[in-house]
Amino acid sequence: MTETDTYSDGGTERERLADPGDASANGERTRTKADATEEESADVEERTEGQRERTTKCPECGGRLATDTEHGETVCSDCGLVVEEDSVDRGPEWRAFNSGERDNKSRVGAPTTNMMHDKGLSTNIGWQDKDAYGKSLSGRQRRRMQRLRTWNERFRTRDSKERNLKQALGEIDRMASALGLPDNVRETASVIYRRALSENLLPGRSIEGVATAALYAAARQVGNPRSLDEFTAVSRVEKMELTRTYRYVVRELGLRVQPADPTSYVPRFVSRLDLSDETERRARELLDDAANAGITSGKSPVGLAAAAVYAAALLSNEKVTQSQVSDVADVSEVTIRNRYKELLEASGTVSA
């Protein structure tokens with residue numbers, strides 16, 4: 001049943017709408033519910049605008065208001081009038097003075113990350129067999145917790161793609177830890193592998209091969225590269241398969257990977273050989289001179305960096321042998337000698 005409004009003359013809204021000529025003849029405008037709703041919305045909007053204007057301007061001098069979160073007050077920055085006080089503090093009720101204390105007191109979870117197959121949104125049961133008070137569990141409770149952990153792991157992966165992703169991300173994390181790569185490289189590698197999985201690039205290739213290729217490409221993209229020999233040492237695939245899979249992934253995904261810069265290897269080599277900052281600076285200068293002379297194209301960036309570090313150490317009167325540099329850079333001593341002579345000739349330095 002439709003609801004109608006009764007007016008003072010005994011008529012209803014429906015009757016007035018049915019006979020608009022009568023209302024216009026009397027010089028009166030028919031007032032409908034839509035008009036009333038429009039007027040109410042306009043009034044609410046006007047009141048809201050007025051309140052917003054009052055809260056952003058001082059009622060005394062019209063100056064700008066500033067919020068003091070420490071004392072819970074809203075104060076005029078010109079005349080100092082306290083406009084509002086005892087405001088609600090929406091921050092945590094606890095205080096922390098270092099990052100460890102903040103992590104212990106915080107009651108929120110970690111941010112989402114691509115380095116986990118479920119992006120860190122699922123619950124993980126800890127491996128410690130202790131209760132909330134730190135007491136050891138009984139044998140029956142330990143067996144029960146172990147069954148819960150088993151079923152929890154099974155429920156976290158719903159299909160074969162998630163199991164594939166979980167295995168690959170675990171492999172990426174293992175290799176990145178062995179190579180000392182930072183979190184931004186791991187995150188980038190996880191995104192590359194997710195793209196390869198979504199675009200169906202894995203059939204016919206091993207999970208370890210695609211994961212290693214994704215990590216190698218991510219290290220190159222972020223500017224923290226490692227040599228192929230270093231990846232081969234920690235990976236479960238051969239060097240030939242790694243290079244073939246890497247080229248395939250880069251081509252199919254359209255990744256923009258710049259050629260490795262020899263100077264990006266210098267700080268790591270200098271740190272492992274325990275050399276000075278002067279040696280690092282000289283090594284960079286030698287590589288810059290070689291790049292300007294155009295002798296770096298077509299040569300291994302790792303070999304160039306190793307030779308530059310060796311030459312810079314000799315120029316800085318620091319004791320280091322070709323064998324030591326070869327072990328750190330994982331290149332042959334013959335490569336270091338050849339590149340070493342070319343670098344010194346390009347820089348105009350006469351070998352001693």
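Biologist: By about how much of helix α6 are Glu-171 and Arg-174 separated?

Modeller: Please bear in mind that this is a predicted model. Glu-171 forms a salt bridge with Arg-174, and their closest N and O atoms are 2.6 Å apart. Both residues belong to helix α6 (residues 160-179) and are three residues apart, so the separation is about one helical turn.

Biologist: Is Glu-171 buried or exposed?

Modeller: Buried means under 20% relative accessible area. Because the relative accessible area of Glu-171 is 7%, this residue is buried.

Biologist: Which distant part of the chain does the pair of Glu-171 and Arg-236 link to helix α6?

Modeller: Glu-171 also forms a salt bridge with Arg-236, with 2.5 Å between the closest N and O atoms. The two residues are 65 residues apart, and Glu-171 is in helix α6, while Arg-236 lies in the loop between α9 (228-234) and α10 (239-253).

Biologist: Does Arg-236 count as buried or exposed?

Modeller: A residue is exposed when its relative accessible area is over 50%. Arg-236 has 55% relative accessibility, so it counts as exposed.

Biologist: Which residues do salt bridges that share partners join into one network?

Modeller: In helix α12 (residues 277-293), Glu-285 and Arg-281 lie four residues apart, about one turn of the helix. They form a salt bridge whose closest N and O atoms are 2.5 Å apart. Glu-285 is partly exposed at 37% relative accessible area, and Arg-281 is partly exposed at 39%. Through shared partners, salt bridges join into one network Glu-278, Arg-281, Arg-282 and Glu-285.

Biologist: How many salt bridges does the count come to?

Modeller: The rule requires a side-chain nitrogen of Lys or Arg within 4 Å of a carboxyl oxygen of Asp or Glu. Counted in this way, the salt bridges come to 14.

Biologist: Why is helix α8 largely enclosed by the rest of the structure?

Modeller: Helix α8 (residues 207-222) reaches 22 Å from its first C-alpha to its last, close to the 22 Å expected. Gly-223 follows α8 and has a positive phi, near 95°. The helix is largely enclosed because, of its 16 residues, the number buried is 13.

Biologist: Which residues form a positive surface patch?

Modeller: Arg-144, one of the residues in this patch, is found in helix α5 (residues 139-156). Arg-144 counts as exposed because its relative accessibility is 55%. The positive patch is formed by Arg-140, Arg-142, Arg-143, Arg-144 and Arg-147.

Conventions:
Residues are numbered from 1 along each chain as its sequence is written. This is a predicted model: local features need pLDDT of at least 70, side-chain atom pairs count only at pLDDT 80 or more; totals for chains, interfaces and linings use all residues. Side-chain values use heavy atoms; hydrogens and water are left out. Patches are made of residues with over 30% relative accessible area and no salt bridge: like charges are joined within 9 Å, nonpolar side chains (Val, Leu, Ile, Met, Phe, Trp, Tyr) within 5 Å. Accessible areas come from the Shrake-Rupley method with a 1.4 Å probe; for residues, only the protein chains shown count as cover. Lys and Arg count as positive and Asp and Glu as negative; His and the chain ends are not counted. The place of a charge is taken as NZ of Lys, CZ of Arg, CG of Asp or CD of Glu. Buried means under 20% relative accessible area, exposed over 50%, partly exposed in between (1.4 Å probe, protein chains only). The expected span of a helix is 1.5 Å times one less than its number of residues.
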